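Visitor: I should like to learn how to read a protein structure. May we go through it together, one feature at a time?

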Amino acid sequence: MNVKETRGEILDQLNKLLTRNHDAEKGYQEAADNVKDAELKSLFLAQSRQRSEFGGELAREIRTLGGDPDNGTSFAADLHRAWINVKSTFANNDDKATVEECRRGDQEALDDYNTVLQETDLVASTREMLLRQKQSIETAHASMARLALVV
């Protein structure tokens with residue numbers, strides 16, 4: 001594999017994570033709009049802001065590496081958010097269904113981060129940034145799992 005292919009692969013992987021963070025930012029905003037509980041709403045808004053910050057970091061890293069950051073969300077995520085709306089509308093326990101969907105979305109993000117960290121040859125600074133972001137997502141995922149038991 002030549003250097004250009006490696007750089008292109010890295011940029012593709014970082015853009016995948018960027019899109020995942022755009023998806024999570026919008027998903028958590030949607031979740032905040034769907035819950036009744038004020039504490040959950042606050043938690044979801046904080047997660048949305050954090051994912052926005054992660055997206056900004058990834059976009060800067062992509063530019064630093066000479067790439068163009070993707071700016072949109074994925075089609076699958078757009079469908080997922082629509083599904084959150086429908087499920088929340090019809091579920092007996094709106095907040096629980098929303099927490100479960102946030103937990104599921106975080107698991108998908110963690111899977112993507114693990115794949116990129118394990119399969120991509122990253123410079124140390126990029127790897128450290130991704131590890132830090134992944135750790136925050138793991139914390140959010142654990143919180144969602146705990147909340148799902150009590151909501």
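Visitor: Does R51 count as buried or exposed?

Guide: This is a predicted model, in which local features need pLDDT of at least 70, side-chain atom pairs count only at pLDDT 80 or more, and totals for chains, interfaces and linings use all residues. Residues are numbered from 1 along each chain as its sequence is written, and side-chain values use heavy atoms, with hydrogens and water left out. Buried means under 20% relative accessible area, exposed over 50%, and partly exposed in between (1.4 Å probe, protein chains only). R51 has 1% relative accessibility and therefore counts as buried.

Visitor: With which residue does R51 form a salt bridge?

Guide: A salt bridge is a side-chain nitrogen of Lys or Arg within 4 Å of a carboxyl oxygen of Asp or Glu. R51 forms one with D106, and the closest N and O atoms are 3.1 Å apart. This pair links distant parts of the chain, since R51 lies in helix α2 and D106 in helix α4 (residues 94-119), 55 residues apart. Helices are DSSP runs (H or I, at least four residues), numbered from the N terminus. D106, at 1% relative accessibility, also counts as buried.

Visitor: How many salt bridges does a search of the whole structure find?

Guide: The search finds 9. One of them joins R132 to E57, with the closest N and O atoms 2.9 Å apart. Here helix α5 supplies R132 and helix α2 supplies E57, the two being 75 residues apart. R132 is partly exposed, because its relative accessible area is 38%.

Visitor: What separates E101 and R104 in helix α4?

Guide: They are 3 residues apart, so about one helical turn separates them. Their side chains meet in a salt bridge (3.2 Å, N to O). E101 is buried, at 7% relative accessible area, whereas R104 is partly exposed, at 34%. Salt bridges that share partners join K16, R20, E101, R104, E108 and D112 into one network.

Visitor: What should the 27 residues of helix α5 span?

Guide: The expected span of a helix is 1.5 Å times one less than its number of residues. For helix α5 (residues 124-150) this gives 39 Å, and the end C-alpha atoms are 39 Å apart, so the two agree. Among the buried residues of α5 are T126, M129, I137 and A148.

Visitor: Where in the protein is confidence lowest, and where is it highest?

Guide: The predictor's confidence in each residue is pLDDT, from 0 to 100. Confidence is lowest in helix α3 (residues 75-90), with a mean of 59, and highest in helix α2 (residues 38-64), with 96. The protein has a mean pLDDT of 86, and 83% of its residues reach 70 or more.
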